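Hi,

Here is the structure I promised to pass on. Have a look at it first, and then read on for what turned up in it.

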Amino acid sequence: MFNIDNNDTITAIATPPGIGAIAVIRISGQLSFKIIDIIFKPKLKNIKSRRIYLGYIYSKNTLIDKVLINIFKAPNSYTGEDIIEISCHGSIYIQNKILDLIITHGARLATRGEFTFRAFKNGKLDLYQVESLLELFYSENKLDHNLALNNLRGDVSLIIKNLRTKILTLNTMLEFWIDFSEEDINKNNILAFNNLLLNIINHIKDLINSFKLGLFFKKGIAIAIIGKPNVGKSTLFNFLLKSDRSIVSNKSGTTINYIEENIYIDGIKYRLIDNAGIKKNTLNKLELKGIKKTIENIKKSEIIMYLTNNINPKHQHIQKYYKSFFKKEIIFLINKCDLLKQKIKIQSSPILISAKYGIGINYLLNKLKSISERFIKNNKKTIITNIRHYEELKKALFKLNKIKSKLKIGIEPEILSLLLKEANYSLEKIIGTITNEEILFHIFDRFCIGK
């Protein structure tokens, strides 16, 4: 771990290790321009920020490479310090030679996440945004990516800062009350205090409740494939995965346990769950366990794909039942349309498909896309995804609820002020106004060297 108080000049290769078309080497700190003045030709005069210069890197009189250098002057840079980014050719020899040159002339090799730590230390990013940047690096799908970008932009940080301002307003009111007896405190002031307190509590509850949705975005939209035994659930599962993941057989009840796999459609991640067939009046213990697990999977899924082989099913009745009982989106599918003797028109409701030959699958994917887009649109709000933030918000809410309950008994400004400060402390830990080295190490050690 780097020294938190270090202000020296750091350098690192920012691109992945190995041979590539180009590599990027970063320098940040007070010696950045001095170092580049020694190793780069032609000499730069009247250097302007956010400009790219073409030239050559030399080791004394030996030419190393033809490069581009990108200039960022403090404080208008990623770290808040002078930054130079050297784009060189991707030879491992060239990368290491330029890195050695930079270190020889006064820089040191950066540790994991040290560039981003300096951005945090110099107020370019708060700790919530730093963790959002990590989530952006590790994002695997469109929803996860958009969520991380919004949080990096500062949406949640702004809410947290506004909540802290409101808490400080409450504390100012309490400090004023300390000088007065309870009888002298105006009832209107108490009402104003209570209204502001409830406003803060409701905002924190909204953030806490969003955590479940945030996890859902990261894990993917769960889809339960259900229906009676031997209707083609596993065949559809395999077709969508483009892999023989689930065992397929003409024998009824082949799937007695569920299988779950991830798929990506138009950048959105889905968790596809192939379930045991739903069978009435069975006494088989394994089948009963499979059916029980199917019901559990339906409850934890956002979308249900219901398969049948019946060309004239009471699909409206079944759709209403699942929507009313499970409160889920349902896609009704009539499978094995390739076996029907009469000519049929593939339609969008109910959707006629052949999971074996892929007939009608485009209708299914379009329906899935429509539901997903509607789901995303209905949930466009501030969302948290980090367990650390979730836990700190719960601590803050606990303290604020204690204040709410104590107000009903009687006003004790000193105790209420202490509880407010503890709630505020939890919010400050989220954005990094207050933190410790252990938390910082845990966060920044997850970055790569060069970021």
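A word on labels before anything else: helices (H or I, at least four residues) and strands (E, at least two) are DSSP runs, numbered from the N terminus. With those labels, Lys 60 sits in the loop between E4 and E5. Please also keep in mind that this is a predicted model.

First, the overall picture. The protein chain has 14 helices and 13 strands. It counts 451 residues, and 46% of them are buried. If you take the contacts between residues at least 6 apart in sequence, 65% of them join residues at least 24 apart.

Lys 60 has a relative accessibility of 77%, so it counts as exposed.

Asn 230 is another non-glycine residue with a positive phi, at about 65 degrees. You'll find Asn 230 in the loop between strand E8 (221-227) and helix H8 (233-241). Its relative accessible area is 31%, so Asn 230 is partly exposed.

Then there are the prolines. Most peptide bonds are trans, but the bond joining Lys 41 and Pro 42 is cis, with omega about 5 degrees. Pro 42 belongs to the loop between strand E3 (40-41) and E4. A cis bond also runs from Ala 74 to Pro 75, where omega is near 0 degrees. Pro 75 is placed in the loop between strand E5 (62-72) and strand E6 (83-90).

On the surface, look for Ile 52, Leu 54 and Leu 68, which form a nonpolar patch. Together they have about 290 Å² of accessible area. Leu 54 is part of strand E4 (residues 51-59). Is Leu 54 buried or exposed? Its relative accessible area is 53%, so Leu 54 is exposed.

Now for the charges. Side chains of opposite charge can pair when their charged atoms come close. How many salt bridges does a search of the whole structure find? The search gives 17. One of them is between the side chains of Arg 118 and Glu 81, at 3.1 Å from N to O. Arg 118 is in helix H3 (residues 114-121) and Glu 81 is in the loop between E5 and E6, so this pair ties together parts that are 37 residues apart in sequence. Arg 118 and Glu 81 are both buried.

Arg 108 and Glu 114 also meet through their side chains in a salt bridge, at 2.5 Å from N to O. Here the two partners can be told apart by their cover: Arg 108 is partly exposed at 22% relative accessibility, whereas Glu 114 is buried at 1%.

A further salt bridge links the side chains of Lys 395 and Glu 392, at 3.6 Å from N to O. These two are three residues apart in helix H12 (residues 387-409), so about one helical turn separates them. Lys 395 is partly exposed, with 42% relative accessibility, and Glu 392 is buried, with 6%. Elsewhere, salt bridges that share partners join Asp 8, Glu 81, Arg 108, Glu 114 and Arg 118 into one network.

Last, a helix pair. The axes of helix H4 (residues 127-137) and helix H13 (residues 413-431) come within 5 Å of each other and cross at roughly 45 degrees. At that angle, H4 is oblique to H13. On the H4 side the contact is made by Leu 127, Tyr 128 and Glu 131, and on the H13 side by Lys 429, Ile 430 and Ile 431.

Leaving aside residues up to four places away in sequence, Ser 157 touches Asp 126, Tyr 128, Gln 129 and Ile 431. Ser 157 itself is in helix H6 (residues 155-178), and with 2% relative accessibility it counts as buried.

Best wishes

Notes:
Residues are numbered from 1 along each chain as its sequence is written. This is a predicted model: local features need pLDDT of at least 70, side-chain atom pairs count only at pLDDT 80 or more; totals for chains, interfaces and linings use all residues. Side-chain values use heavy atoms; hydrogens and water are left out. Patches are made of residues with over 30% relative accessible area and no salt bridge: like charges are joined within 9 Å, nonpolar side chains (Val, Leu, Ile, Met, Phe, Trp, Tyr) within 5 Å. Accessible areas come from the Shrake-Rupley method with a 1.4 Å probe; for residues, only the protein chains shown count as cover. A salt bridge is a side-chain nitrogen of Lys or Arg within 4 Å of a carboxyl oxygen of Asp or Glu. Buried means under 20% relative accessible area, exposed over 50%, partly exposed in between (1.4 Å probe, protein chains only). Axes are lines fitted to C-alpha atoms, for helices over the stretch in contact, and angles run from 0 to 180 degrees between N-to-C directions. Angles under 35 degrees count as roughly parallel, over 145 as roughly antiparallel, 65 to 115 as roughly perpendicular and the rest as oblique. Contact means heavy atoms within 4.5 Å.
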